[in-house]
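These are my notebook entries from one sitting with the model.

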Amino acid sequence: MKPARFDYIRAGDLAEAHHALAEFGNDARLIAGGQTLMPMLSMRLVRPQVVVDIMHLPALRGIETTGNAIRIGAGVRQAELLAWPKLAEQLPLLKAALPWVGHAQTRSRGTVCGSAAHADPSAEIPLCLLALDATIELSSRRGRRRVAAAEFFTGMMTTARAENELIEAVHIPARQTGTGYAFNEFGRRHGDFAIVACAAIVTAANVRLAVGGVADRPALRDFGALDGKALDDALDVFAWTLDARDDLHATARYRRELVRQMGRETIEEARRWHA
Amino acid sequence: MSSVANSPPWCGQSVERVEDAALLTGRGRFIDDLPTRPGTLHAAILRSPHAHARLTAVRTDAARALPGVAAVLAGADIQKLSSSLVVGVKAKVECWPIATDRVRYVGEPVAVVVAASRYLAEDAIDLIEVDYEPLPAIVDPVAALDPAAPVLHEGLTSNLASERTFRYGEPEQAFADAAHRVAVTIRYPRNSCTPMETYGLVAEYDAGEDAYDVLANFMGPFSLHAVMARALKVPGNRFRLRTPPDSGGSFGVKQGVFPYVVLMGVAARVTGQPVKWIEDRLEHLAASVSATNRVTTLEAAVDADGRVRALAFDQLEDVGAHIRAPEPATLYRMHGNLTGAYDIRHVSVRNRVALTNKTPTGLNRGFGGPQVYYALERLMQRVAVQLKLDPIDVIRRNLIPSGAFPYRTATGALLDSGDYVKAFEIALEDGSFAALRERQAQARAQGRLYGIGLTAAVEPSVSNMGYITTVLTPDERRKAGPKNGAQATATVSLDPLGGVTVNVASVPQGQGHRTVLAQIVADDLGLKPSDIRVVTDFDSGRDAWSIASGNYSSRFAAAVGGAAKLASGRIKAKLARMAAAQLNVPADDIEFAAGKVRARGNPDNALLFSRLAAASHWSPGLVPEENQALRETAFWSPPELTPPTEHDEINSSLCHGFIFDFCGVEIDRVTGEPRIDKYVTMHDCGTILHPGMVAGQVTGGFAHAVGAALYEEYAYGEDGSFLTGTFADYLVPTAMEIPAPVILHYETPSPFTPLGAKGVGEGNCMSTPVCLANAVADALGLDAIDLPLTPAKLAAHIHGAESTPPQQERAAPPPGKGRALHGAGQAYVDAAPDAVWRMLLDPNTLASIIPGAHGVEKVTDTHFRADVTLGVGPVTGRYKADIRLSDLDAPRAVTLTGVVTGALGDARGTGRITLAPDSSGTQVAYDYDAAIGGKVASIGGRLLDGAARVVIRQFFAALVRHTGGKPAKRGFFARLFGSGA
């Protein structure tokens with residue numbers, strides 16, 4: 001379990017990282033926290049020509065409040081966000097979800113944007129970005145663009161990021177007054193990837209549920225003002241649309257049932273918060 | 001009298017472990033920490049991606065040519081310089097440490113690369129090309145015995161490697177007379193104890209002396225020293241085996257490093273340089289050793305009051321692809337105590353051993369116990385349920401009565417000591433069983449799913465080296481000569497400053513042997529534990545050892561501790577005679593206390609222990625002995641461990657502890673997750689030498705058992721692909737998942753061991769899995785339940801019938817077998833079937849629709865080869881693709897068969913494409929079956945199926961695009977392949 005040979009570029013600035021991506025394209029891999037890339041390198045699942053390290057770049061550090069959104073740079077570790085004093089007030093859904101991300105050890109190195117870039121279908125951070133209508137800020141030598149989370153996650157471990165782009169930051173709308181948030185997850189062990197993860201956001205006018213671990217990417221549905229049995233029925237339809245699959249740890253039917261029952265519980269928890 | 005003289009003995013106290021200062025500060029000396037000689041090379045192993053295949057070619061030229069590579073060895077190269085590992089049954093089978101003509105399990109070594117670094121060795125592995133001719137794989141032991149099943153080994157006529165039947169007492173009569181017959185059939189799954197440190201070794205060969213010197217984190221039994229020496233074709237004295245000072249856990253598993261000792265010994269001989277190999281985690285999970293899986297049918301003849309009169313065992317053991325020594329020992333380790341803690345006099349046994357295309361099995365904590373007790377204790381619960389009795393009463397009525405010890409079981413074990421009934425009653429009382437029943441009643445009144453489980457068990461320890469020969473018939477045993485005993489060794493020596501050193505061949509992996517031996521010898525010689533230095537790193541060229549040496553069958557406290565006490569006693573007797581001469585008192589009146597050797601009753605008439613001990617070095621004449629050496633080695637083997645009798649009775653172990661467990665488990669109605677609410681475990685492990693370590697052993701065994709019961713399984717697809725190749729899929733519970741059990745003790749010293757101690761390290765691995773399963777069966781009202789008790793499995797009993805899918809959503813395709821993927825779809829193409837057909841058969845078509853093709857070579861009109869890059873997201877690999885068209889039915893249908901192979905694994909699939917005219921165009925429909933094996937199947941886990949669908953989707957989407965079509969309607973692909981299409 002040793003990586004194949006690769007070159008390591010410690011980017012001196014963002015421009016150098018952009019340059020490396022432009023030059024090597026898909027043969028380059030960015031590394032920040034390394035919690036996903038390092039095992040993949042060691043197992044030779046990925047064999048890039050170059051690994052471009054951006055972790056230390058000052059431009060990517062920091063959590064900033066800009067207008068009504070929180071900008072989290074690509075160099076921000078998950079543990080850093082979890083320890084951010086305003087997290088509960090500004091991003092209550094992430095406050096609830098981040099403890100479910102891996103373990104304390106992996107959070108202390110893994111980054112928020114790295115999780116978005118990897119786009120694991122069970123990962124909590126992409127799920128929260130989708131649920132909160134976050135946007136992903138991408139940059140390359142040619143410029144900069146922002147992509148809504150709903151368009152960014154295009155499939156299993158695939159995103160709208162072009163080969164020459166890097167995620168510079170994610171922008172997450174801050175907490176809205178009159179909104180309730182809740183997060184729930186079921187995995188086999190503490191810190192495992194979710195078999196089903198649910199994020200609920202409830203306002204006076206709408207019930208929103210986003211689900212991870214079931215489809216090939218996080219999935220979201222707005223249920224308007226539905227409640228009671230009508231909401232259960234709508235959750236049932238939602239569960240069926242997710243194309244759940246059997247795997248070693250759970251059946252498709254099990255996953256659908258958790259979407260129905262845990263999804264409803266999560267919505268009710270968000271409602272209690274809202275109330 | 002000095003107050004120190006009356007200080008309590010060290011044994012029985014939880015003294016600080018001498019091992020911990022180094023281990024807790026990162027100063028342990030494990031095999032990979034130790035310096036190696038300059039010029040040491042590093043090995044990597046190419047392993048089979050197939051469960052069963054003929055090896056037709058192993059091309060190593062490119063690997064050999066890589067700079068830094070010293071040697072590339074395939075099966076034939078190893079065979080030239082070694083011989084087959086000895087196999088423990090009378091069958092014409094060989095067992096090589098590397099595949100020779102075929103591969104028989106995923107992970108089986110196929111080639112070894114020796115290079116200047118492990119990185120280079122792994123680079124070279126990627127350059128080896130192997131031609132495999134896949135054969136049908138046998139995964140299930142029952143299926144393995146089907147006469148139509150492919151036979152794994154040429155020397156055998158079937159996959160049945162051994163069959164024996166046994167009869168004790170009058171089982172037929174007991175069944176004929178029985179008021180009730182109760183039976184269970186269980187399938188015990190595969191799992192392993194996964195030590196934190198994997199296998200590792202450094203092998204050297206001395207050409208001048210034709211001798212091997214291997215440093216390995218091997219753990220015994222050292223009967224395998226003989227197996228290794230014979231395989232390397234040298235006398236035992238030319239095979240020196242050493243162990244590092246520390247070894248990071250084993251739990252039996254590190255017995256399995258021995259085939260690699262042979263493999264790397266040969267590699268060292270070929271290269272003329274030391275060869276180091278450290279197993280990585282992927283190798284370990286796929287191919288180290290597994291515990292056996294077993295299919296057992298167990299039936300009981302039962303009286304109306306629940307008293308069990310007879311048992312009939314039918315055990316089918318799955319040892320995997322080879323009968324690797326000491327297997328089939330797992331099946332026979334419990335033979336003497338098959339009746340557990342119960343007084344059952346009539347037993348019949350049918351034991352069969354099957355070979356399957358899975359990793360060979362070997363030692364694992366509990367060794368044979370989990371498999372036996374899962375059947376026996378599920379049966380006892382079923383007796384209670386079927387006879388509508390309280391399970392507590394069923395156990396109580398069947399326990400071996402007080403005062404019956406030593407108790408000879410029907411199958412031959414001599415249960416050394418105990419009072420099972422009393423220990424059982426104390427456990428119910430001190431563990432508050434009545435309160436647990438109330439708690440269950442309350443939970444059930446609230447509609448919660450709450451069950452109680454019980455288990456009684458006998459924990460055997462200090463294995464009789466002869467129990468394995470029970471697999472042979474009495475006649476075969478007569479020819480082979482008797483095998484028995486459990487020879488333990490210890491050496492105690494005195495140095496010129498009067499210090500005491502103890503050397504043992506117990507090969508610990510963190511258990512704390514050094515601490516306990518210091519306690520034992522300190523008590524004997526009136527010293528402090530810190531006065532005693534204990535050396536446990538082992539050298540077969542220098543230390544006293546025998547075939548039973550090593551760290552297994554919970555033999556340390558009883559056997560090695562006892563041998564140390566005997567060796568120390570001999571030193572003590574000699575010193576007492578020396579002191580007697582100097583103190584002018586009879587030797588019988590000499591006592592050892594407080595660092596002094598003194599006259600009993602006159603503590604002032606004393607010598608310093610260290611001064612007396614040093615005398616033999618400085619003034620040998622003072623030692624009034626013919627043998628003046630103050631170094632004593634004790635060999636101890638208990639006389640109770642006799643060979644199997646003519647009637648196949650076998651005292652398979654020297655000591656037998658008693659365990660009674662009970663627990664309360666609640667199951668979540670939504671998730672099906674079992675939660676251990678309370679767990680009580682009562683142990684009689686004889687005299688307790690170190691309470692803290694006993695608690696550690698019980699807790700550790702319990703943790704392993706929780707893993708086996710709720711989380712862990714080495715899973716295989718029906719094609720033999722290995723599905724749990726990383727810790728993301730082989731789920732070992734962490735501290736978060738393991739509650740603290742309530743541990744109770746009732747001590748009855750063993751009369752057969754010098755210290756009265758028995759083993760305690762494996763018991764919960766035997767008792768806890770079935771105790772938890774009994775609780776779950778009680779909670780859900782299930783008749784039968786197999787491990788592991790996963791939430792999805794349990795939820796299937798809770799969730800009830802599911803809603804039907806809404807009309808606009810199609811149900812997912814039926815679940816495949818193993819790693820098989822199934823899919824189907826169709827698309828509308830705006831061209832006539834003839835035109836589409838021509839496009840499909842155009843040789844250029846494949847080039848443009850195969851994802852990532854780097855040029856297509858046309859072999860014939862219907863056979864193509866291509867180099868392709870396939871993958872999902874960042875995980876891409878280069879593969880060779882071989883594609884054939886067949887069953888051509890122009891212009892209506894064609895079958896497309898593809899095989900891709902590469903370093904990450906292989907996939908094969910078949911798709912049928914049909915064309916049907918539809919208004920002005922064509923409906924192109926297809927369905928496919930695909931299977932994935934090799935590395936990605938082992939480590940891809942939960943993402944693999946989805947990733948494979950992405951690749952297949954790319955292929956068919958390109959096909960439709962190429963023929964000018966569009967998906968039939970929006971969302972069509974989404975339902976076929978996931979919402980990503």
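Entry 1: I looked up Asp648(B) and found it buried, with 20 other C-beta atoms within 10 Å. My scale for this is as follows: buried means 20 or more other C-beta atoms within 10 Å of the residue's own, exposed means 12 or fewer, and partly exposed lies in between, with C-beta atoms placed from the backbone. Asp648(B) is not a glycine, yet its phi is positive, about 65°. Its place is the loop between strand E25 (631-636) and E26 of chain B. I take helices (H or I, at least four residues) and strands (E, at least two) as DSSP runs, numbered from the N terminus.

I note that this is a predicted model, in which local features need pLDDT of at least 70 and side-chain atom pairs count only at pLDDT 80 or more, while totals for chains, interfaces and linings use all residues. Residues are numbered from 1 along each chain as its sequence is written, and chains are lettered from A and ligands numbered from 1 in the order in which they are written.

I then checked Lys233(B), which also is not a glycine and has a positive phi of about 60°. Lys233(B) sits in the loop between H7 and strand E11 (239-242) of chain B. Is Lys233(B) buried or partly exposed? I list Lys233(B) as partly exposed because it has 14 C-beta neighbours inside 10 Å. Asn584(B), which follows H17(B), has a positive phi near 60° as well. For background, most residues other than glycine have a negative phi, and most peptide bonds are trans.

**Entry 2: cis peptides.** I found a cis peptide bond between Gly220(B) and Pro221(B), with omega about -5°. Pro221(B) belongs to the loop between strand E10 (211-216) and helix H7 (223-231) of chain B. Another cis bond joins Leu787(B) to Pro788(B), and its omega is about -15°. I placed Pro788(B) in the loop between H20 and H21 of chain B.

**Entry 3: a helix pair.** I looked at helix H11 (residues 369-386) and helix H20 (residues 763-780) of chain B, whose axes come within 8 Å and cross at roughly 35°. The axes are lines fitted to C-alpha atoms, for helices over the stretch in contact, and angles run from 0 to 180 degrees between N-to-C directions. The residues that make the contact include Tyr373(B), Tyr374(B) and Glu377(B) of H11(B), and Val770(B), Ala773(B) and Asn774(B) of H20(B). I count two residues as in contact if their C-beta atoms, placed from the backbone, lie within 7 Å. By class, the contact of H11(B) with H20(B) holds nine nonpolar, four polar and two charged residues. Here Ala, Val, Leu, Ile, Met, Phe, Trp, Tyr, Cys and Pro are nonpolar, Asp, Glu, Lys and Arg are charged, and the others, Gly among them, are polar.

**Entry 4: the core.** Which residues touch the most other members of the largest nonpolar core? Among its 404 residues they are Val113(B), Val261(B) and Ala267(B). Such a core is a set of buried Ala, Val, Leu, Ile, Met, Phe, Trp, Tyr and Cys residues joined through C-beta atoms within 7 Å. Helix H17 (residues 556-583) of chain B gives the most to this core, 14 residues. H17(B) has 20 of its 28 residues buried, so it is largely enclosed by the rest of the structure. Neighbours within four places in sequence aside, the contacts of Val261(B) include Leu201(B), Val214(B) and Met228(B).

**Entry 5: domains.** The C-alpha centres of domain 2 and domain 3 of chain B lie 40 Å apart. Their contact takes 14 residues from domain 2 and twelve residues from domain 3. On the domain 2 side, strand E18 (449-463) and strand E26 (653-667) of chain B give two or more residues each. That side has eight nonpolar, five polar and one charged residues. The domain bounds come from an automatic or database domain assignment.

**Entry 6: the chain interface.** How many residues of chain B are in contact with chain A? I have 46 residues of chain B against 44 residues of chain A. The largest share of the chain B side, eight residues, comes from H24(B). The chain B side divides into 24 nonpolar, ten polar and twelve charged residues.
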